[in-house]
Amino acid sequence: MASLNVGNLGEYLREQRRAAQLSLRQLADATGVSNPYLSQIERGLRKPSADVLQQVAKALRISAETLYVRAGILDEREREELETRAVILADPSINERQKNVLLQIYDSFRRENGFAPGPDADADVNAGAQADAGASADAGAGSDAAGDAGTRDGDDAGAGTTKDQDPHS
């Protein structure tokens, strides 16, 4: 078989597999892809599908988008956008509503600069709407408590006034 030009994908996969200290057989077991097929990919004899690349990426704990770019399935610019979205969505320090707002701002800037919004932009907005509804329900419950606390504070403030003072004067 002649070697296919798959953008040094095979070499990259071999390096990643070795860095993960996995044998070809172990990677085959982890991905459900046959050992001979993985060997052919590493040697540049086969061009894997996006599904196979995703399984390999998951087993190696690397970005599937990076593999897509190396295989020529995805443009570098698209990969960068997808990775930006993935980083935002994976951040455990911000909640779902905040993630959605960040993604909306990101899409807004992309549109302003002449780029189309990301492929998941509609899904992000829908997920955010659900998160907003949940946050509103939570905020509603919290505002009742805050309202009660505010009333108590007002009562405490009024306790220091004398009865002789007219509140309307």
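Helix H6 covers residues 76–90, and its 15 residues reach 21 Å from first C-alpha to last, close to the 21 Å expected at 1.5 Å a residue (the expected span being 1.5 Å times one less than the number of residues). Helices here are DSSP runs of H or I with at least four residues, numbered from the N terminus. This is a predicted model, where local features need pLDDT of at least 70, side-chain atom pairs count only at pLDDT 80 or more, and totals for chains, interfaces and linings use all residues. Residues are numbered from 1 along each chain as its sequence is written, and side-chain values use heavy atoms, with hydrogens and water left out.

Within H6, the buried residues include Arg79, Glu81, Leu82, Arg85 and Ile88; buried means under 20% relative accessible area, exposed over 50%, and partly exposed in between, using a 1.4 Å probe and protein chains only.

Now for a helix pair. The axes of H1 (residues 9–19) and H4 (residues 50–60) come within 10 Å and cross at roughly 25° (axes are lines fitted to C-alpha atoms over the stretch in contact, with angles from 0 to 180 degrees between N-to-C directions). H1 is therefore roughly parallel to H4, a label for angles under 35 degrees. On the H1 side, Leu9, Leu13, Gln16 and Arg17 meet Leu53, Val56 and Leu60 of H4, contact meaning heavy atoms within 4.5 Å.

H4 also holds Asp51, which is exposed, with a relative accessible area of 56%. Between the C-alpha atoms of Asp51 and Ala64, 13 residues apart along the chain, the separation is 9.5 Å.

Conventions
Helices (H or I, at least four residues) and strands (E, at least two) are DSSP runs, numbered from the N terminus. Angles under 35 degrees count as roughly parallel, over 145 as roughly antiparallel, 65 to 115 as roughly perpendicular and the rest as oblique.
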